[in-house]
Structures are given as C-alpha cells and as structure tokens.
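The following paragraphs walk through a few selected positions of a predicted model. Please keep the sequence and the coordinates at hand while reading.

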Amino acid sequence: MAQPDPVTEPAPTAAQVDVWQRTSMAAERTWLAWWRTALTATAGALAIGRFAPELLDVAPWPYIVLGCGYAALALGLLVYGARRQRELERSILDGVHAPLPFRWVASFTIGGVLLVATTVVLVGAQI
C-alpha cells in the first residue's frame with residue numbers, strides 16, 4: 001500500500017491501516033523464520049564440526065569442513081533474511097508484490113541438499 005500524498009490523497013482508512021499493519025507483521029514473522037533457520041544451521045555446524053568427530057572417533061578435518069558449510073549457510077540466511085525483510089517492507093509501502101526470486105530459492109535448496117547429502121554419506125560411512 002503506497003503512502004498517500006497528504007496534499008492530493010485522503011488519509012488511509014482504519015481498514016487500510018489494519019491491512020498494512022497485518023502485512024508488516026507477517027513480513028516480520030518471515031524475517032524471524034530466516035533467523036530461526038539460521039540458528040538451526042548454526043547448531044548443525046557445531047554438532048557436525050565439533051561433536052560428530054568425537055562421537056564417531058574419526059579424523060576431525062572432514063567434519064570441520066562440513067561444519068563450516070553449515071556455518072556458511074547460516075551466514076547466508078542471516079544476511080539474505082535481513083535483505084529480504086527490507087525488500088518486503090518497501091514492497092508494502094509501495095503496494096507491490098515482491099516474490100522471493102527463484103535463484104535464491106534454488107541456491108539455498110541446492111546448498112542445503114548438498115550439505116545434507118554430504119552429512120549422510122560422511123556419517124553413514126562411519127557406521
């Protein structure tokens with residue numbers, strides 16, 4: 001919903017303000033979801049990079065490298081989540097739809113699939 005020009009346009013109605021507020025809160029919840037996912041990836045980085053080698057009694061370096069991959073995913077989620085929050089707030093003010101670009105969906109999905117597959121192969125090889 002674009003900001004009205006106070007000279008040429010009337011003030012927004014209570015219903016319009018309510019829609020804007022609900023949409024803004026939904027964008028904020030989306031940002032928090034990016035954070036939760038990043039925190040989960042951070043926990044995965046710690047579990048894989050630090051605890052898995054000790055629990056499996058194996059050489060630590062492959063797990064440390066894999067843990068760094070999870071940490072990089074977490075960092076990407078935090079940075080892009082902040083950027084996405086800014087885009088959503090702007091789109092609300094401008095009254096335009098701002099879908100998540102597929103290239104980012106594909107990037108995070110492919111990265112996650114590679115990390116999970118590598119984790120399964122690496123841990124599965126030790127069992």
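Ala74 has its place in helix H2, and in this predicted model the residue has a relative accessibility of 3%. Because buried means under 20% relative accessible area, Ala74 counts as buried. When its neighbours within four places in sequence are left aside, Ala74 is in contact with Ala38, Ala41 and Thr42.

The loop between helix H1 (14-56) and helix H2 (61-94) is where Asp57 is placed. Is this residue buried or exposed? With a relative accessible area of 71%, Asp57 is exposed, since the term applies to values over 50%. Its backbone also deserves a look, for Asp57 has a positive phi of about 55 degrees although the residue is not a glycine.

Thr119 belongs to helix H3, which comprises residues 102-124. Its relative accessibility is 13%, and therefore Thr119 counts as buried under the 20% limit. A polar atom of the Thr119 side chain lies 2.7 Å from the backbone oxygen of Leu115. Leaving aside the neighbours within four places in sequence, the residues in contact with Thr119 are Ile48, Leu66, Tyr70 and Gly124. Of these partners, Leu66 and Tyr70 fall within the range given for helix H2 (61-94), and Ile48 within that given for helix H1 (14-56).

Definitions and conventions: Residues are numbered from 1 along each chain as its sequence is written. This is a predicted model: local features need pLDDT of at least 70, side-chain atom pairs count only at pLDDT 80 or more; totals for chains, interfaces and linings use all residues. Side-chain values use heavy atoms; hydrogens and water are left out. Helices (H or I, at least four residues) and strands (E, at least two) are DSSP runs, numbered from the N terminus. Buried means under 20% relative accessible area, exposed over 50%, partly exposed in between (1.4 Å probe, protein chains only). A polar contact is a pair of N or O atoms within 3.5 Å; within protein, one must be able to donate a hydrogen and the other to accept it, and residues adjacent in sequence count only if both atoms are side-chain atoms. Contact means heavy atoms within 4.5 Å.
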